[in-house]
Amino acid sequence: IHEGIGTYMQALYLEKARGMKAYRDKMRVDSLQIRNRAPIAPREIKNTQEIQFATGGNEIYMKGSWVMHTMRWLMGDEKFFLALRRMAYPDPAMEATTDGSAIRFSDTEEIRAIAEKHYGKDLSWFFEVYIRSAGLPRLIKETKDGRLHLEWQCPVDGVVFPMPVQVEINGKLTRVEMPSGKASIAIRPKDKINVDPHRWILKRRTRTRN
């Protein structure tokens, strides 16, 4: 929690100081260090050293940061940034403190509860895939019969992955909701299509079916 969210703060600072391109460049560079060797928050009790070695050292930093990046896309900026503030200051009155009294211990389930409260929807699937498991979801895309078909392959058995996807068609961005892990949208033969063009979603390399 501390390291992953802390690393994400670096990207947010760059966005504030230098703009969205600097933010995206930072996230792209960080993504190159993600190995997915082990969960960043396993349910088994492990000490810091065990988690660091199991994940290859940088995983809790870089993957943790990318989890927050993807959560931002899922929730939208307004809900996400309010949830992020409450992760640091559960009580709004704490925001005015300057003596360190707002510092506390937390755990994965508290962070999840805060995110769910402000998102207004269940996020068990999100935390199960990104936090409790090592593998990443894969997005399969297929163009057929005048439609773009999208489908998530989830690395966790029995878990539906309803992550919405941003699709760019001829320069216009559209948010495609995927409540069942699948969706399709109408396209034309000459349309220029780019799926997740700004790389909001932490996932395995996109697979295309022709």
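D191 counts as buried, at 15% relative accessibility; buried here stands for under 20% relative accessible area, exposed for over 50%, and partly exposed for anything in between, with a 1.4 Å probe and protein chains only. Its partner in a salt bridge is R188, with N and O 3.3 Å apart. R188, by contrast, counts as exposed at 57%. A salt bridge, by the way, is a side-chain nitrogen of Lys or Arg within 4 Å of a carboxyl oxygen of Asp or Glu. Salt bridges with shared partners also link E109, R112, E116, D122 and R132 into one network.

A word on the background: this is a predicted model, where local features need pLDDT of at least 70 and side-chain atom pairs count only at pLDDT 80 or more, while totals for chains, interfaces and linings use all residues. Numbering runs from 1 along each chain as its sequence is written, and side-chain values use heavy atoms, with hydrogens and water left out.

The structure holds 15 salt bridges. Here are three of them, with the N to O distance for each.

| Pair | N to O distance |
|---|---|
| R43 and E128 | 2.7 Å |
| R175 and E177 | 2.8 Å |
| R188 and D191 | 3.3 Å |

What does the pair R43 and E128 tie together? R43 sits in the loop between helix 2 (20-31) and helix 3, and E128 in helix 7 (residues 124-130), so this pair ties together parts that are 85 residues apart in sequence. Helices (H or I, at least four residues) and strands (E, at least two) are DSSP runs, numbered from the N terminus. R43 counts as exposed, at 56% relative accessibility. In the other pair, R175 is partly exposed at 33%, and E177 is partly exposed at 45%.

**Inside the core**

The largest nonpolar core has 54 residues, and M71, M87, F126, Y130, L150, M163 and V165 are those with the most contacts inside it. Such a core is a set of buried Ala, Val, Leu, Ile, Met, Phe, Trp, Tyr and Cys residues joined through side-chain atoms within 4.5 Å. Helix 4 supplies the largest share of this core, nine residues.

Take L150: leaving aside neighbours within four places in sequence, its contacts (heavy atoms within 4.5 Å) include L139, I140, V165, V176 and V195. I140 belongs to strand 1 (residues 138-144) and counts as buried at 2% relative accessibility. I140 and W152 are twelve residues apart in sequence, and their C-alpha atoms are 6.2 Å apart in space.

**Pockets**

Now for the open spaces. On a 1 Å grid over the protein atoms alone, a pocket is an open set of points where a 1.4 Å probe fits, with protein on both sides within 12 Å along at least five of seven lines; lining residues have an atom within 4 Å of a point. Grid points are joined across faces, edges and corners, and a volume is the space filled by probe spheres set on the points.

The largest pocket holds about 1400 Å³ of space. Its lining has 44 residues, with I1, H2, E3, I5 and I111 nearest the centre. Helix 1 gives the most to that lining, eight residues.

The second largest pocket has a volume of about 230 Å³. Twelve residues line it, and S31, R199, L202, K203 and R204 lie nearest its centre.
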